[in-house]
Amino acid sequence: MDYRTLGASGAVVSTYALGTMTFGAEATEEQSHAILDCYVAAGGNFIDTADVYSAGVSEEIIGRWLAARPDARDSVVIASKGRFPMGAAPNDVGTSRRHLTRALDDSLRRLGVDQIDLYQLHAWDPITPLEESLRFLDDAVRSGKIGYYGFSNFLGWQLTKAVHLARAHGWNPPVTLQPQYSLLVREIESEIVPASLDAGIGLLPWSPLGGGWLSGKYRRDQAPQGATRLGENPKRGMEAWEARNADPRTWEIVDAVHAIAEGHNVSDAQVALAWLAGQPAVTSVILGARSVEQLEDNLAAAGLELSDDELARLDEVSAPRVGVYPYGPMAREQRSRKIAGGR
């Protein structure tokens, strides 16, 4: 396992993080504890959860795992999030001081810890003034309830605004951003990645296998069945079966990943994960697993090195589709210049 700093902070985390959205939903507590044990034994030290995962059960499962292994708290970095509804009342959602105060305290209680190492706003809140949210996060750092803070699902301008507001007020700065990112979803490269690089923000990609599409488990024009996310719910979220199956680009990417995997005698998932871990600004790729076996296969990506030709092939086949302006080649050329000048 390799390690990197958590964005521009001095905290050190493993290149692959353990996402725990499956805990209490797709994995029982016993299975979840086995997954945590396997992850730590492999050298992983970065565990990501959220209050909304299984309505708090994911945090509780992690909390009981930590309580049963007192030495683990000193070796792992715990990340959680708040923002989405944890109740039906108007103030049970959002990034207001009112909601976040209770959300953070509840997460601390469920996890059984005095401090959450990385606390993240789970998404942008169009109602709460950003200054209110940032001041809360700065107060939480100063009080010791959290070590660092970051965001999830922010756009480029939202991230940049937050960075400069924190700087202008002398508040602690954000260190991370958690976006969806994979060979199938590269649109963040137009604005979010440059904004992150400019601010020294570390990216923590979620859904690195595109909801299972990049694992090689699905077949063209054969609707998924059985104990997989799409087998259980083909219309699931952004990775829904019908739309992606109908898009030729999906299968061009899947086929390229599979061909490279066969050449290395590794799984398709390992190729997709190795590509993502090497992208600019990426600090740690978040792995989601239902079983120890699935996690072990994913973690093996840490030992896979792709050639320049293989990386170029993956870049080419998965290139994000953009219009002529403002992200097309000619528009990008308008924003560049040669140091020597001239036409």
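L273 lies in helix α11 (residues 268-277), where helices are DSSP runs of H or I with at least four residues, strands are runs of E with at least two, and both are numbered from the N terminus. The model is a predicted one, in which local features need pLDDT of at least 70, side-chain atom pairs count only at pLDDT 80 or more, and totals for chains, interfaces and linings use all residues. Residues are numbered from 1 along each chain as its sequence is written, and side-chain values use heavy atoms, with hydrogens and water left out.

L273 has a relative accessible area of 0% and is therefore buried (under 20% relative accessible area; exposed is over 50% and partly exposed in between, with a 1.4 Å probe and protein chains only). Apart from neighbours within four places in sequence, L273 is in contact with Y16, P208, L209, V285, L287, N298 and A301, contact being heavy atoms within 4.5 Å.

Helix α1 (residues 29-41) comprises 13 residues and reaches 18 Å from first to last C-alpha, close to the 18 Å expected at 1.5 Å a residue; the expected span is 1.5 Å times one less than the number of residues. Its buried residues are S32, H33, I35, L36, C38 and Y39, and their cover includes β2 (12-14), β3 (16-19), β4 (46-48), α2 (57-68) and α12 (292-299). Just after α1, G43 adopts a positive phi of about 100°.

Helices α10 (residues 248-264) and α13 (residues 308-317) pack at about 170° with axes 9 Å apart. Axes are lines fitted to C-alpha atoms, for helices over the stretch in contact, and angles run from 0 to 180 degrees between N-to-C directions. The two helices α10 and α13 are therefore roughly antiparallel (an angle over 145 degrees). At this packing, R249, E252, I253, A256, V257, I260 and H264 of α10 meet E310, R313, L314 and V317 of α13.

Aromatic pairs number seven, under the rule that rings of Phe, Tyr and Trp (its six-membered ring) pair if their centres lie within 6.5 Å, with planes under 30 degrees apart stacked, over 60 edge-to-face and the rest tilted. Two of the pairs are tabulated.

| Pair | Centre distance | Plane angle | Class |
|---|---|---|---|
| W124 and W157 | 5.2 Å | 65° | edge-to-face |
| W213 and Y218 | 5.3 Å | 70° | edge-to-face |

W124 lies in the loop between β6 (116-121) and α5 (130-143) and W157 in helix α6 (residues 156-169), so their pair ties together parts 33 residues apart in sequence. W124, Y149, F151, F154 and W157 form one aromatic cluster. W213 is buried at 1% relative accessible area, and Y218 is buried at 4%.

Notes: Parallel < 35°, antiparallel > 145°, perpendicular 65-115°, else oblique.
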